[in-house]
Amino acid sequence: MYTMIVSRQRNKSIAKILSNVFNKVSPFFFLFFFSLIFAENQESYNPAAKMSSPPTKLRLHIQNHHVVLENGILKVTISKPGGIVTSIEYNNIDNLLEVSNDESNRGYWDLVWSPPGSTGTTGTFQVIHATHFKVVVKTDEQIELSFSRTWDTSLQGKLAPLNIDKRFVMLRGASGFYTYAIYEHLEGWPGFNLDETRTVFKLSKDKFKYMAMADNRQRYMPLPDDRLPDRGQPLEYPEAVLLVNPIEPEFLGEVDDKYQYSGENKDVKVHGWICMEHGVGFWQITPSNEFRTGGPGKQDLTSHVGPITLAMFVSAHYGGEDVVLKFGEGESWKKVFGPVFFYLNSGAQDDDITLSLWEDAKRQASEQVESWPYSFPASEDFPKSEERGNVTGRLLIRDRCISDDCMMGNGAYIGLAPPGEVGSWQREGKGYQFWTRADETGNFTIGNIRAGNYDLYAWMPGFIGDYKYQDSISIFPGCNIDTGELVYEPPRDGPTLWEIGIPDRSAGEFYIPDPNPKFVNKLYVDHPDRFRQYGLWERYAELYPDGDLIYTVGESNYASDWFFAQVNRKTVKNTYKATTWQIKFKLDAVEPSGTYKLRLALASAAQAELQVRVNNPDRNIPAIFYSGLIGKDNAIGRHGIHGLYWLFSVEILGSSLVKGNNTIYLTQADATGPLQGIMYDYIRFEGI
């Protein structure tokens, strides 16, 4: 930084010189000269200025087996033609990545795929190694490189039947780099399932020890070696490990589980790691969710012990097989994943280094979001802003049991997604999705939509069900479509006699217990996300040792008396048995010939079978409702508080009810393991 320490005598000398110059030359020249000096000093004092000015142009070095991009701020080395990032040099650190790993295991794109007809979410894991390298753009302002591979029938059964073109982009003056990829399945090719695809960066474990993904979700992390058998004890599933002999004693007795750091698509714009020793941050920024699966509430992994930073594009996390991309034989498909931005920043090593780097990363994320859609990607498959369209409108809610007038759709989630059934967007991943939230008057604008055919979907916190606009919407470049006023009428047959919970697609309002002291993550002690603690499902049997949950309408409080998940009961023999919850309520009168309605909104289902009985708990008699075996989102085991949304409407004949005391029995009947169960979102009993 330019040092501005000048003696009083020197100031006098400078003033005298300037006075003489001013008297002999044009005042305009003096003002011009002074403006240049002022501008230079202003740049010197700019806290956001780079440590050194970037070169006038980018540099590209093509070697036998590597390609090197540099812009005076960072240097990125990529294998050729494989397209694996092997080195990132920044701020006098030779390589931010883990050098003890093989070069193919540092920074890469990967996928998991399986043959057509496969069930479940597992398959063949493959790092994507390209076979062709090409310089797409090389100018003073941008370098864009392509690393591609093509598929043919000789590779059947060996590689996923996809053409894949990975792109890496470096811009002049940018403190980071971009990556995106084009996946294509051609007509006539064999079918397959795409279970997962993502980018992975494995940072130096000796340098990056502090992780952050939200203002209140950041901490020093255990080392990867703490998860090894002599230091960590695997728990119910291999991702969860109890640290019994960690290298750093402060982590003794904690649980490490990557799913504890998951987040929703709409909330996770930036996450990453900080190297305290050098005051350096490494951040993954996702500027748009248009290319991700499952809509704004879909949850996925972020960063976790490794240190590892992920950009997730497709995964079955918190959705299960329902969100796996399944392609039929001959199905034509193409999709662009990304671009995403990997941002590097640095600062003075002081007590506020984590805060300053995190705040700067958030600012950078905001700038990237504002810049979307980017203007620089060279692929014709990535449309620029002028090639996209916009949709506006207003959403109103009509529920005659609440108000005679339409209500504003304040805060509604409104989106365009590929055509499908009502609510199909949460299981959709082949196409693109574009979401926004309505303002306080229900008005909404969805901008920068790719050209194509879409359905318009919506859901409104505070109301059950899903909305779908009656007409499909065709987007073309430059269009501005106004849908006018849209009216959503949530499912409703009669007045509310009683209700439990809040219809917000989450079980977060229900009772979430403290974790077993043996299985604590210190980050989530006294934290709003207390549901992210490990093993909470096991607390149910401890809290209800002699019988299952009983909820009395008018007396019980769902925040303290309704356990957040209906799970199986673990027995002393380490087996599991089904659980039946009771809802007790009184009716002042009953219409025997009428039909009442029970609305059951579920926030999650994991290999569960929900059965409903009225005034008779005997499981030997037929239930009035069977859900069948539903859900594989595993949100209970992965600390998710919600997975996929389900809504069931159960008819209850008045003849099965009595004046006075009644009981509804809810049974989760499939009991073969600890992580099966249901998380309720909201329950409502409607009269006639």
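1. Leaving aside residues up to four places away in sequence, Gln668 touches Gln566, Asn568, Ala578, Thr579, Gln607, Ala608, Glu609, Gln676, Gly677 and Ile678, where contact means heavy atoms within 4.5 Å. This is a predicted model, in which local features need pLDDT of at least 70 and side-chain atom pairs count only at pLDDT 80 or more, while totals for chains, interfaces and linings use all residues. Residues are numbered from 1 along each chain as its sequence is written, and side-chain values use heavy atoms, with hydrogens and water left out.

2. Gln668 lies in strand S43 (residues 660-668), strands here being DSSP runs of E with at least two residues, numbered from the N terminus. Gln668 is buried, with a relative accessible area of 0%; buried means under 20% relative accessible area, calculated with a 1.4 Å probe on protein chains only.

3. Which side chain does that of Gln668 join in a polar contact of 3.0 Å? The partner is Asn568, and the side chain of Gln668 also reaches the backbone nitrogen of Glu609, at 2.9 Å. A polar contact is a pair of N or O atoms within 3.5 Å; within protein, one must be able to donate a hydrogen and the other to accept it, and residues adjacent in sequence count only if both atoms are side-chain atoms.

4. Nine strands form an open antiparallel sheet in the order S7-S8-S9-S10-S24-S19-S18-S12-S13, where two strands pair if DSSP finds at least two bridges between them. Its edge strands, S7 (132-138) and S13 (217-220), each pair on one side only. Within this sheet's order, S18 (residues 270-275) and S19 (residues 280-285) run antiparallel and are joined by six bridges, with Ile274 opposite Gly281 in S19.

5. Three strands form an open sheet with antiparallel pairing, in the order S14-S15-S16, and the edge strands are S14 (232-234) and S16 (255-256). Two bridges join S15 (residues 241-243) to S16, and Leu242 stands opposite Val255 in S16.

6. The largest nonpolar core has 106 residues, and those with the most contacts inside it are Ile88, Tyr183 and Leu456; such a core is a set of buried Ala, Val, Leu, Ile, Met, Phe, Trp, Tyr and Cys residues joined through side-chain atoms within 4.5 Å. Strand S24 (residues 333-346) gives the most to this core, with eight residues. A second, separate core of 70 residues includes Met312, Ile630, Phe648 and Leu657.

Key
Helix = DSSP H or I, 4+ residues; strand = E, 2+ residues; numbered from the N terminus. Buried < 20%, exposed > 50% of the residue type's maximum accessible area, 1.4 Å probe, protein only.
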